[in-house]
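Hi everyone, thanks for making time for this.

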Amino acid sequence: MVKAKLKPLEEIFGMIRSYKKILTLSCGGCVSVCMAGGQREGMELTLELVEFFRQNRLDAEFTHYTMERQCNPEYLFDAEEIVREADCVISTACGAGVQYIAESHPSKPVFPALNTLFIGIDRDVGLYEERCRTCGDCKLGYTGGICPITRCSKSILNGPCGGTHFSDGSCEIDREIPCAWNDIFERLKSQGRLENILTVHPPSIWMDQAQRTMVQYGFEERYRKKE
Amino acid sequence: MKGLKTEEKIKLILQRREAMIKLCLSACVHCSLCAESCFKFHNHSKDPSYMPSYKALHSIGKIFRKKGKLKDEEFEEMKDLIWNKCVLCMRCYCPMGISIPLLIAAARAVCREKGYYRTYDVISKRIEKSKKVLTK
């Protein structure tokens, strides 16, 4: 799932300090699962901002509301009126949610309260690890289920680079970081699939340079552009 | 909604959605087709409490009938129904055109106003149990 982290309070304060009616809009989706922007976190943020404004002798009226999803038009109805009443919105959603709220209310300043970090796995409660950068050209099939884009310090697709410490299989950047390509080699070796990395693969198309839109299989006809 | 009491906020939430809730609740013909499209229903041995229609009728249906005046334990029970048994994936199909996720989202909005919502830093008993089973 998408993982995010709260921005420093000073940064949020800097964006909203000139507004008088401020709405904190939480999201009940991914950011509430990683405990960055759900209802509880949104309420806590609102209280902290109230205190911050008070300390800076500024006067503002704060409201808090939680939408089930900020990235889906079905749930926009929920907060329509509340957003309209506010001077600005601080969204505790991921980058997609913030942009969708801003797009739906073009006259309203919408500010992000979170830094959206990555798609990751839950190691434990509150402990997450990046596993995917949504590059759009998944290599996991021949890298033994280990992503070289996220796991390798240099994100190289034809590793190892030569900087692997052979004594412990760590990366030259940091001894604490395991070399992704060493791990890929070891895993493929244990599965008897070493030919997967011995084969030369065609160069990758770096799709994350441009904005992407995806149409799911079976829906092509529905979204085909009419000539 | 600023300055309103919780009960007034709940009243407002229900008022805004009154037409939609009334229409949806009366249009449901209990055909159970929505259940067929719910992965939660299938993954839980077709337990009827996972049927999307059941979840909607026993959450927002109940709240609407009682005008939001439910006991705390009823809200607590409802929390399991609308958060643990539904992920709002929007894949449930209704031949009558009822948007079940919107109904469940309305129930969630009421519960949120009452201070009942899902938190993710408490490991649920279900996860604890499955962890024990898996590590045996």
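This is a predicted model: local features need pLDDT of at least 70, side-chain atom pairs count only at pLDDT 80 or more; totals for chains, interfaces and linings use all residues.

Okay, let's start with chain A. Chain A is split into two domains, with domain 1 covering 2-118 and domain 2 covering 133-209. How far apart do the C-alpha centres of domain 1 and domain 2 of chain A lie? They're separated by 38 Å.

Now the sheets. Find the four-stranded one in chain A, which is open and runs in the order β3-β2-β4-β5, with parallel pairing. At its edges sit β3 and β5 (110-112) of chain A, each pairing on one side only. On average, neighbouring strands in this sheet are turned by 25° against each other, ignoring direction. Let's zoom in on one pair: β2 (residues 21-27) and β4 (residues 88-91) of chain A run parallel and are joined by four bridges.

α3(A) touches β2 and β3 of chain A, and its direction makes about 170° with that of β3(A). Then there's α5 (residues 95-104) of chain A, which lies across β2, β4 and β5 of chain A and runs at about 175° to β5(A).

Chain A also has an open sheet of three strands, in the order β1-β6-β7, and here the pairing is antiparallel. Its edge strands are β1 (2-6) and β7 (127-132) of chain A. The twist averages 70° from one strand to the next. β1(A) pairs with β6 (residues 114-124) of chain A over five bridges, and you can find A:Lys5 bridged to A:Asn115 in β6(A).

Next, where do the chains meet? 17 residues of chain A are in contact with 16 residues of chain B. On the chain A side, α2 (30-33), α3 (39-55) and β3 (61-67) each give two or more residues, and β3(A) gives the most, with three. By type, the chain A side divides into five nonpolar, six polar and six charged residues.

On to the cores. The largest nonpolar core has 63 residues, and those touching the most other members are A:Val31, B:Ile60, B:Leu103, B:Ile104, B:Ala106 and B:Ala107. Helix α7 (residues 100-113) of chain B gives the most to this core, ten residues. Apart from that core lies another, of ten residues, including A:Cys152 and A:Trp181.

As background, most residues other than glycine have a negative phi, and most peptide bonds are trans. But look at the peptide bond from A:Gly159 to A:Pro160, which is cis, with omega near 0°. A:Pro160 is in the loop between α6 (148-151) and α7 (180-190) of chain A.

In chain B, B:His30 isn't a glycine, yet its phi is positive, near 55°. You'll find B:His30 in the loop between α2 (18-27) and α3 (33-36) of chain B. Why does B:His30 count as exposed? Because it has 10 C-beta neighbours inside 10 Å, and the cut-off for exposed is 12 or fewer. B:Met90 also has a positive phi, about 70°. With 15 C-beta neighbours inside 10 Å, B:Met90 counts as partly exposed.

That's me done, so over to you for questions.

Note on methods:
Residues are numbered from 1 along each chain as its sequence is written. Chains are lettered from A and ligands numbered from 1 in the order in which they are written. Two residues are in contact if their C-beta atoms, placed from the backbone, lie within 7 Å. Ala, Val, Leu, Ile, Met, Phe, Trp, Tyr, Cys and Pro count as nonpolar, Asp, Glu, Lys and Arg as charged, and the others, Gly among them, as polar. Domain bounds come from an automatic or database domain assignment. Two strands pair if DSSP finds at least two bridges between them. Axes are lines fitted to C-alpha atoms, for helices over the stretch in contact, and angles run from 0 to 180 degrees between N-to-C directions. A nonpolar core is a set of buried Ala, Val, Leu, Ile, Met, Phe, Trp, Tyr and Cys residues joined through C-beta atoms within 7 Å. A residue is buried if 20 or more other C-beta atoms lie within 10 Å of its own, exposed if 12 or fewer, and partly exposed in between; C-beta atoms are placed from the backbone.
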